Every structure is written in structure tokens, then in C-alpha cells.
Amino acid sequence: MLKAALAVIAGFVSVGGVAVGLDAGFERLFPDQYGPQGEVRSLAMLLFILLYTLLSCLFGGWITAAIARQKAMGASMALAALVMLMTIVNLTLIPNQLPVWWRLVCLILSGPAVVLGGWLRTRGRRSPVGSVA
């Protein structure tokens with residue numbers, strides 16, 4: 001149980017660290033893509049941000065499953081719930097920086113992206129049916 005909880009924490013830190021780090025980096029690399037209040041100005045940048053946000057969720061699910069091992073999918077699902085909850089909190093704190101459609105897509109896909117990352121980590125570890133482990 002403790003290992004699964006630590007796995008969820010590690011996954012959450014990895015999701016947040018990757019996403020926040022990329023946000024900060026791309027704001028510095030492409031300052032013309034952002035308005036004075038931090039709002040994103042182009043559809044291309046919005047899609048790019050969505051892509052790396054979902055990839056960070058996938059990575060967090062993978063990390064969580066790698067650490068949790070026996071409870072990989074349960075821990076990944078717990079992380080998915082936490083990520084979705086924090087996505088709601090985050091999107092209410094920055095209501096004008098991202099369009100409504102982007103916020104809805106992010107909210108709908110972030111949890112499944114985390115679970116997919118956990119599943120990708122566990123799929124190679126299953127022993128074939130009928131084998132002796």
C-alpha cells in the first residue's frame with residue numbers, strides 16, 4: 001500500500017514537473033505566442049501544448065506503474081483521478097488563458113492518458129497463459 005501511494009506521488013510530481021518545465025521553456029522560446037496575461041495566441045501552439053500535456057500524463061502513468069509494480073493499474077487509476085482533479089483546479093485558476101474547448105479536451109483526455117501510460121508499462125510484464133512463473 002505504501003509503495004503504491006509513493007508511486008502515485010512520484011507520478012504526480014513527474015506529470016507536474018514535465019508539464020511546468022515545458023510550459024516555462026516554451027514561453028521563453030516562443031514569447032510571441034503568448035499574450036500579456038499568458039493567454040495562448042495561436043491554434044498551433046494550443047495543439048502543441050495539449051500534445052505535450054497529454055504526453056506528460058502518459059509519462060506520469062508509466063512512472064507510477066513502474067514503481068507500483070503489483071498494483072500498477074490501481075495506482076495509475078488513482079493518479080488519473082488526482083490529475084483530473086488538479087486539472088480542474090488549475091483550469092479554474094487560469095480561466096482566460098485557454099479557450100473552453102481546450103480545457104474540456106484536456107480534462108477529458110488527461111485521465112485516460114495517465115491510465116494508458118500505466119497500461120503501456122504493464123503490458124510487457126504479463127506472463128503468457130499457461131506458463132509457469
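Predicted model: local features only at pLDDT ≥ 70, side-chain atom pairs only at ≥ 80, totals over all residues.
1. Packing of H1 and H2. Helix H1 (residues 2-29) packs against H2 with an angle of about 155° between them, and their axes are 8 Å apart. Because angles over 145 degrees count as roughly antiparallel, H1 is assigned as roughly antiparallel to H2. The crossing by which H1 passes H2 is right-handed.

2. Composition of the contact. Where H1 meets H2, the contact residues comprise 17 nonpolar, five polar and two charged.

3. Geometry of H2. Helix H2 covers residues 43-68, which amounts to 26 residues. From its first C-alpha to its last, H2 reaches 37 Å, a span close to the 38 Å expected at 1.5 Å a residue.

4. Arginine 69. Arginine 69 belongs to the loop between H2 and helix H3 (72-93). With a relative accessible area of 44%, arginine 69 is partly exposed, because that class lies between the buried limit of 20% and the exposed limit of 50%.

5. Methionine 86. This residue is part of helix H3. Methionine 86 has a relative accessible area of 34% and is therefore classed as partly exposed. Phenylalanine 12 is 74 residues away from methionine 86 along the chain, and the C-alpha atoms of the two are separated by 9.9 Å.

How values were computed. Residues numbered from 1 in each chain as written. Heavy atoms only, no water. Helix = DSSP H or I, 4+ residues; strand = E, 2+ residues; numbered from the N terminus. Expected span 1.5 Å × (residues − 1). Buried < 20%, exposed > 50% of the residue type's maximum accessible area, 1.4 Å probe, protein only. Axes fitted to C-alpha atoms, helices over the stretch in contact; angles between N-to-C directions. Parallel < 35°, antiparallel > 145°, perpendicular 65-115°, else oblique. Left-handed = near helix turned anticlockwise from the far one by under 90°. Nonpolar A, V, L, I, M, F, W, Y, C, P; charged D, E, K, R; others polar.
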